[in-house]
Amino acid sequence: MGTLPEPFSGWFAARGWVPRAHQLAMLAAAEAGRSALLVAPTGGGKTLAGFLPTLVDLHRDPRPGLHTIYVSPLKALAVDIARNLLTPVAEMGLGIAVETRTGDTPANRRARQRATPPQILLTTPESLALLLSLPDAAALFAGLRSVVVDEVHALAGSKRGDQLALGLTRLSALAPRMRRVGLSATVAHPEAMAAWVAPDADPASVQLVRETGGTPPTLDVILPAGRLPWGGHMGLASMPEVYQKLRGAAVTIVFVNTRAQAELCFQALWRLNDDNLPIALHHGSLTIEQRRKVEAAMAAGKLRAVVATASLDLGIDWGAVDQVIQVAAPKGVARLLQRVGRANHRMDEASSAFLVPANRFEVIECRAAIQAVAAGEVDGEPPRPGGLDVLAQHILATACHAPFHPDALYAEVTRAAPYAALTRRDFDDTLSFVEDGGYALSAYERFRKLFRDSEGLVHPRNGHVVRQLRMNLGTIVDTPLLKVRLRSGPVLGEVEEWFASTLEAGDNFMFAGRLLRYERMEPMSVIVSPGGDGEPRVPAYGGSKMPLSTSLARRVRAILADARQWRALPEPVQEWLRLQRHASELPSRDGLLVETFPRDGRWFLVAYCFEGRLAHQTLGMLLTRRMEHRGLGPMGFLATDYVVATWSAFPPEDMADLFAEDLLGEELEEWMADSSMLRRSFRNIATIAGLLEKNHPGQEKSGRQMSMSSDLIYDVLRRHQPDHILLRATRAEAAAGLTDVGRIGTLLARIRGRITHRALDRVSPLAVPALIEEGREWVAGGVEDALLAEAEALVEEATDGAEHFTGSLGLDPTQPPPEPRSPRERRRRPPRYASRRLRQGVS
Amino acid sequence: MISAPFHLAGERLALDPAGVLFWPAQRLLAVADLHLEKGSHFAGRGQLVPPFDTRDTLARLAPLLRRYAPERIVFLGDSFHDGGGSARMQSADRTALLRLLDGRDVTWVLGNHDPVAPDALPGTALAELRLGPLTFRHEGVPDNRAGFELSGHFHPKASMTTRCGPVTRPCFLADARRLLLPAFGSYTGGLSITAPPIAALFPRGGRAFLLGRERLFSCAVGPMKHLALTRAPVEATSLS
């Protein structure tokens, strides 16, 4: 192992630093001209390790032109790294130009960067994709020597990662001497990460540098002083204990799992805050300015605590955080470690963290997480194959840069790990989708987006196609959001449109740590005023919850199945498990326990699968469909991280049949037709692939009339061309991620012949947390109609038939017109509210 | 499929869960807002959405024509997504449409999307059609002197709250004087019946009939005068 050259060694020495082994190893890899992946825990000086080779090379051989591109998943991170990099550059007098380029960079600077690029450019995957689509990209990148990808673990396996991986293949083609450098946190699959970084999808062509050192964190569980809750995920019962911990530490980050939970915990802590500790709130729906303010206050040591969601998982070094508290179960070990690593941020000191389980099941999950950390186990699935929607966008962007030959582009994209297994058929179908829609009915010849010249090169049809691509570039498809604005005041952040649509004047809700009263809706914003009385609501956001990881689930099952391990659990939890053993039995390590029991005139089925909420949601849909086929009259189901439960008119008996592996056959196909999750998935895919235009702020109003619902397109396409490339992409996505169909397949195979069915006469202790869970689902399609019929009948019943429709609304030309209604009656609300009141009475 | 009986101006009408209206006394079938060739319209603007919408819409219409065997068909406007739509039809789709219309008396009520008579298709194009006590027009007139009216244009949809949350469906909306038909086209979305333009037609509320697979689900709709009024100033300020 070598040493650092001057002036670098002097600069290190002046700060009392010794270069770390991995920093020297990264330098050696660069000298050898090899690509490299550094896997190290947070706080290991990773970023500097990534940049050192560039700085050393530019010091030895100063030259203008773009030398290194740094790509980060976070805009803010790019900006922050630029600042951190400027210090050593200035102190060593290296004279290297470092600039950022993100969506926020002003147009004049962007133009200047294209003409006179800096030596080091820090950017995001989206900005890089845009640069690559420009005609002058070839000239700009020709001399590029290295690309540094930060937080590889957060990008690989996501659509942004797919886009970046494709962008890297373009860079490699334009800049043949370019090395790749990846920086990653500790991951379960370092080989897969190496393949992702590799220029040819082969992990062997990347030098893997691993920094395993670091003291393991000390983890402990905090329980509420009072009764241990049976259900719930917010962890509010433990806030007094959490508050005591805040008082005892200089700076704490309180991590939670959802934005709604962040609002509630923040409120709860604020109510307990007799010492007036400076506590702040940080989550992804607050305005950027608000978040930056909190981050700056944190860095300046002005805060004692921040309640944060995943919005603080990645990002800059805060310096002096000395305690991390995770409220509610962490759901995954990798994420827990990432969060715990925010404390201290120095590898040689142990981070200290507390876990706050929100209910009994979560106590066991927290215990499982602590075991996993102690065992040095990291979870996480290997990155899934790349999305065809992202490929479609990339094909069009490539054509916008310069004409390409399909054979050459196919060879190029299959050098990216996510697309290494891409078949030529899928590539050709994606290409033909971009060209003319790829429909079985060739109706759009004259509307083609791409055309081929006599040499077979592919060109965009006109400038409109190019502009459209640039407007819609990127893989982040937002759910429609509305700004929350104080009446004649500032914007506080954003809520999802559907949440806003459920508000009525006078309703109040909690947002940005304040209590707000809804006043009215304006185009693109919700107008609120401070205050309000009554029970406030909390905005929920779709898809913000991470499901329980496979390896944590395995550990939870192991603890449940082994009574000797219960001793490590608090007494109320032990008592609960003993009760379960008495009333029913405990789920085994590898089998499946299914309980059935009658309740309220329905038959409940509870299956302890432990495959995570997403997989359970899908399983619930499939299971209820099969129950419908078997004539069991399913009425609904619910899915938690641990169980899936259904209720039906008739008792389910043949479990081997209900949980047979062919559940993923016919039932899956049927479910595809109705699933709202697949529809959402299709909407994202269609948008990324360029079939639908993204919503652009400001354009919204005119855009709405022009846009077409992706649901309508989905239905028509399914009926007329079920094997269209976008539907294939939707199915692939369902199998791999969103709906965890893959996990269900593994489960069904594992439990075959190992299902234990307990027919009970009442609910078992273990089933209680699930059955008091919120957010029940019902079976879409046929059952939706049944629900409508039920609601209609209820209104009729409650109004003694006064609301019954007899076929006439009066006013016959032969009859006098009816009397106008009394003003009081006129003010009656539309019936959906009336039936909501009824629903409360019935449920 | 169970159709719901409905009386307007003393005439017995049948509301079909597929979203069409049948008038047995006249052997007349009314269909609103087909928006044929909407897909190719979008394709012309650079969005290559699936081109199957016309055949899908016609394929859904065909069994209804077999079932009711109407002598007369009234299209309530916006039958084509734009004036050039009928000329853009694929020949197979045109053949299918001609077969559906064959031997029937066809009226094309003109809509805002298709203000001209369709190209080379049988039938008469009219701004509105009066038949007995009923008037068929594209966009309802918010005035009591409009007579007894059947109209389309707004693509009404409504939500009913059920024990598992709201369920939203396209719907018929009716009061004692008028009936608003849901849009029939495969690429037609919906506008909530509480939106100001629909509320303005039904200030005193009425009854909504949500489309189901086999039947309609009906619910009373309270007065909507306040919706039509309070929303208007907000719209106005947003324009300024």
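**Chain A and the sheet of chain B**

Chain A holds 34 helices and 25 strands. The model is a predicted one, so everything below describes a prediction. Of the 843 residues in chain A, 47% are buried.

Chain A can be split into pieces. The domain assignment lists domain 1 (8-210), domain 2 (218-374), domain 3 (481-530), domain 4 (550-675 + 739-780) and domain 5 (784-842). Domain 4 is written as two stretches, 550-675 and 739-780. As for spacing, 47 Å lies between the C-alpha centres of domain 1 of chain A and domain 4 of chain A.

Is A:Ala512 buried, exposed or partly exposed? A residue needs 20 or more C-beta neighbours within 10 Å to be buried, and 12 or fewer to be exposed. A:Ala512 has 18 inside 10 Å, so it counts as partly exposed. Setting aside neighbours within four places in sequence, A:Ala512 is in contact with A:Leu281, A:Leu286, A:Leu492 and A:Gly493. A:Leu388 is another matter: it is 124 residues from A:Ala512 along the chain, and the two C-alpha atoms are 37 Å apart.

Now for chain B. Here seven strands make up an open sheet with mixed pairing, in the order E1-E2-E3-E4-E5-E6-E7. Strand E1 (4-8) and strand E7 (124-126) of chain B are at the edges with a single partner strand each, so one side of each has no neighbour in the sheet. From one strand to the next, the twist averages 25°. In general, strands of a sheet pair through backbone hydrogen bonds, and the pairing can be parallel or antiparallel. Strand E2 (residues 11-15) and strand E3 (residues 21-23) of chain B run antiparallel and are joined by two bridges. Within this part of the sheet, B:Leu15 stands opposite B:Leu21 in E3(B).

Chain B also carries an annotation. An unreviewed UniProt entry places the feature "domain: Calcineurin-like phosphoesterase" at residues 27-125 of chain B. What is the make-up of the chain over residues 27-125 of chain B? That stretch is 38% helix and 15% strand, and its end C-alpha atoms are 19 Å apart.

Notes:
Residues are numbered from 1 along each chain as its sequence is written. Chains are lettered from A and ligands numbered from 1 in the order in which they are written. This is a predicted model: local features need pLDDT of at least 70, side-chain atom pairs count only at pLDDT 80 or more; totals for chains, interfaces and linings use all residues. Two strands pair if DSSP finds at least two bridges between them. Helices (H or I, at least four residues) and strands (E, at least two) are DSSP runs, numbered from the N terminus. Axes are lines fitted to C-alpha atoms, for helices over the stretch in contact, and angles run from 0 to 180 degrees between N-to-C directions. Domain bounds come from an automatic or database domain assignment. Two residues are in contact if their C-beta atoms, placed from the backbone, lie within 7 Å. UniProt positions are given in the numbering used here, feature names are shortened, and annotations may be inferred rather than shown by experiment.
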